[in-house]
Amino acid sequence: MKMSLCRMVVVLALTGLLVACGGKATQGQQASPEPTKPPVSLSQKLFGWTSFLGKIFPKKSKPPVAVPPQLLGQIRQVNLENQFVLIDASISNAAEPGDALVSIADQKETAILRLSSLRSSTFLIADIASGTPSVGDRVYKR
């Protein structure tokens, strides 16, 4: 019984050696070029099925963060004949010429404005694109 157990251990050890060295070329043979694969870690072997589950049940992406509208100022004068408004700007450098602005009164949009390039130190001038703005409306950058 002991002899067969020793023989079995020797056979297993030789088999393991042959399997480990089986892919290598001997001195007279050319090794065929095989593409190299990155080594697989033990955690990838044990938990590789989790990537399969990730494909079936993908992670939800985070919803976009809401950015509050930026208050630029208040309308001080409205010229409906020439279709422009004068805005008393609390932040004059927050908007660039051509930016779309919206005027709001009583939580309702009253007009869409387009900022012009004309400006002074505390006032902005915007063209009326649509709607009917009035004096006192708050103006926000869209």
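**Briefing on the predicted model**

In this predicted model, V85 makes contact with I75, Q77, V78, L113, L124, I125, A126, I128 and P133, leaving aside its neighbours within four places in sequence. V85 is also among the residues with the most contacts inside the largest nonpolar core.

**Barrel**
- Six strands close into a barrel, with antiparallel pairing, in the order β1-β2-β5-β4-β3-β6.
- From one strand to the next, the twist averages 45 degrees.
- Strand β3 (residues 100-105) runs antiparallel to β4 and is joined to it by six bridges.
- L101 stands opposite L113 in β4.

**Nonpolar core**
- The largest nonpolar core has 15 residues, and those with the most contacts inside it are V85, I87, L101, L113 and A126.
- Two or more residues of this core come from each of β1 (70-79), β2 (84-89), β4 (108-119) and β5 (123-131).

**D99**
- The loop between β2 and β3 contains D99.
- The D99 side chain reaches the backbone nitrogen of E96 at 2.7 Å.
- Not counting residues up to four places away in sequence, D99 touches L113, R114, L115 and K141.

**Confidence**
- The chain has a mean pLDDT of 80, with 75% of its residues at 70 or more.
- Confidence in the chain is highest in β3, at 94, and lowest in helix α2 (residues 42-47), at a mean of 66.

Terms used:
Residues are numbered from 1 along each chain as its sequence is written. Side-chain values use heavy atoms; hydrogens and water are left out. A nonpolar core is a set of buried Ala, Val, Leu, Ile, Met, Phe, Trp, Tyr and Cys residues joined through side-chain atoms within 4.5 Å. Buried means under 20% relative accessible area, exposed over 50%, partly exposed in between (1.4 Å probe, protein chains only). Helices (H or I, at least four residues) and strands (E, at least two) are DSSP runs, numbered from the N terminus. Contact means heavy atoms within 4.5 Å. Two strands pair if DSSP finds at least two bridges between them. Axes are lines fitted to C-alpha atoms, for helices over the stretch in contact, and angles run from 0 to 180 degrees between N-to-C directions. pLDDT is the predictor's confidence in each residue, from 0 to 100. A polar contact is a pair of N or O atoms within 3.5 Å; within protein, one must be able to donate a hydrogen and the other to accept it, and residues adjacent in sequence count only if both atoms are side-chain atoms.
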